[in-house]
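The following note sets out points for a colleague who has the sequence and the model at hand. Each point may be checked directly against the structure.

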Amino acid sequence: MIVALARHGETPYNAQRRFQGHLPVALSDRGREQAHELARVAAQQQWAALYCSPLARARETAEIVAAAIGHYPVDDARFAETDCGDWTDRLFDDVAAAEPDLFAAYQRADPAFAFPGGESFAAQQLRVLEGIDAVRAGPTPALVVCHRGSIRLALAALHGDDARRSAEVPNASLVALP
């Protein structure tokens, strides 16, 4: 394994099914427990580097992991979650009721989907792949703590768009990239 991506621990927004985008949402108590479990799993392997999205939930998770693996996390904004634009801070159910067609495109992970007033999946995928290329060019194996959307887009690029739709990426899970 050269690069592994890990999703941050749970936040109150995850539990509420609310779009958090780039908001500075901290981990919940459950999310901190998940981050400690991720740290235990990560500590079973030797890592040469640790990177993370600079968003609060990923950074907090990465700091917990860092204590277990002995590497300080380096922020890389290319691994940040999608900018949810006008949907930021809204409940999934509210958006689904107000904009059913657009929400359906979001749920299908339509490659052409873009958040109203925010970022497209295509733009996010480009920056995530640039980040992965940069990580691969540095010391490896490397662990990157980031977000479900970032992980799904990386998997879609490596394994086809169906991977984006079907990939289950629970909070604090770890996904090895080939």
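1. A pocket, as the word is used here, is an open set of grid points where a 1.4 Å probe fits, with protein on both sides within 12 Å along at least five of seven lines. The model under discussion is a predicted one. Its largest pocket has a volume of about 560 Å³. Among the 25 lining residues, Glu81, Phe92, Tyr106, Arg148 and Arg152 are the closest to the centre of this pocket.

2. Which elements give two or more residues to the lining of the largest pocket? They are α1, α5 (100–107) and α7 (148–159). The greatest contribution is that of α7, with four residues. Sorted by class, the lining consists of nine nonpolar, eight polar and eight charged residues.

3. The sheet is open and has five strands in the order β3-β2-β4-β1-β5, with mixed pairing. At its edges are β3 (74–75) and β5 (174–177), each of which pairs on one side only. Strands of a sheet pair through backbone hydrogen bonds, in either the parallel or the antiparallel sense.

4. The pairings of β4 can be followed residue by residue. β1 and β4 run parallel and are paired over five bridges, and valine 3 has alanine 142 of β4 as its bridge partner. β2 and β4 are likewise parallel, joined by four bridges; here alanine 49 has alanine 142 as its partner in β4.

5. The antiparallel part of the sheet involves β1 and β5, which are paired over four bridges. Valine 3 faces leucine 177 of β5, and alanine 4 is opposite alanine 176 of β5.

6. In a regular strand, side chains alternate between the two faces of the sheet. How many residues of β4 are buried? Five of its five residues are buried. Ala142, Val144 and Cys146 lie on one side, Leu143 and Val145 on the other, and both faces are covered. In β5, by contrast, Val175 and Leu177 form a covered face, while Leu174 and Ala176 form an uncovered one.

7. The largest nonpolar core comprises 19 residues, and those with the most contacts inside it include Trp47, Leu50, Ile69, Leu143 and Val145. At least two residues each are supplied by β1 (3–7), α2 (29–42), β2 (49–52), α3 (56–69) and β4 (142–146). The largest share, six residues, is that of α3. A separate core of 18 residues lies apart from this one, with Tyr51, Phe79, Val135 and Leu155 among its members.

8. Beyond residues up to four places away in sequence, valine 145 touches Ala6, His8, Leu50, Tyr51, Cys52, Ser53, Ala58, Thr61 and Ala62.

9. Histidine 8 lies in the loop between β1 and α1 (12–16). Leaving aside residues up to four places away in sequence, the contacts of histidine 8 include Asn14, Gln20, Leu27, Arg57, Val145, His147 and Asn171.

10. Leucine 27 belongs to the loop between α1 and α2. Its relative accessible area is 4%, so leucine 27 is buried. Glycine 9 is 18 residues away from leucine 27 in sequence, yet the two C-alpha atoms are 6.3 Å apart.

11. The peptide bond between threonine 140 and proline 141 is cis, with omega about 5°; proline 141 is in the loop between α6 (121–137) and β4. Arginine 17, although not a glycine, has a positive phi of about 60°. Arginine 17 is located in the loop between α1 and α2 and is partly exposed, at a relative accessible area of 42%. Alanine 109, also not a glycine, has a positive phi near 55°. Alanine 109 sits in the loop between α5 and α6, where it counts as buried because its relative accessibility is 6%.

How values were computed
Residues numbered from 1 in each chain as written. Predicted model: local features only at pLDDT ≥ 70, side-chain atom pairs only at ≥ 80, totals over all residues. Heavy atoms only, no water. Core = buried A, V, L, I, M, F, W, Y, C linked by side-chain atoms within 4.5 Å. Buried < 20%, exposed > 50% of the residue type's maximum accessible area, 1.4 Å probe, protein only. Contact = heavy atoms within 4.5 Å. 1 Å grid on protein atoms, 1.4 Å probe; cavity = no way out; pocket = protein on both sides within 12 Å on 5 of 7 lines; lining within 4 Å. Points joined across faces, edges and corners; volume = space filled by probe spheres on them. Nonpolar A, V, L, I, M, F, W, Y, C, P; charged D, E, K, R; others polar. Pairing = 2+ DSSP bridges.
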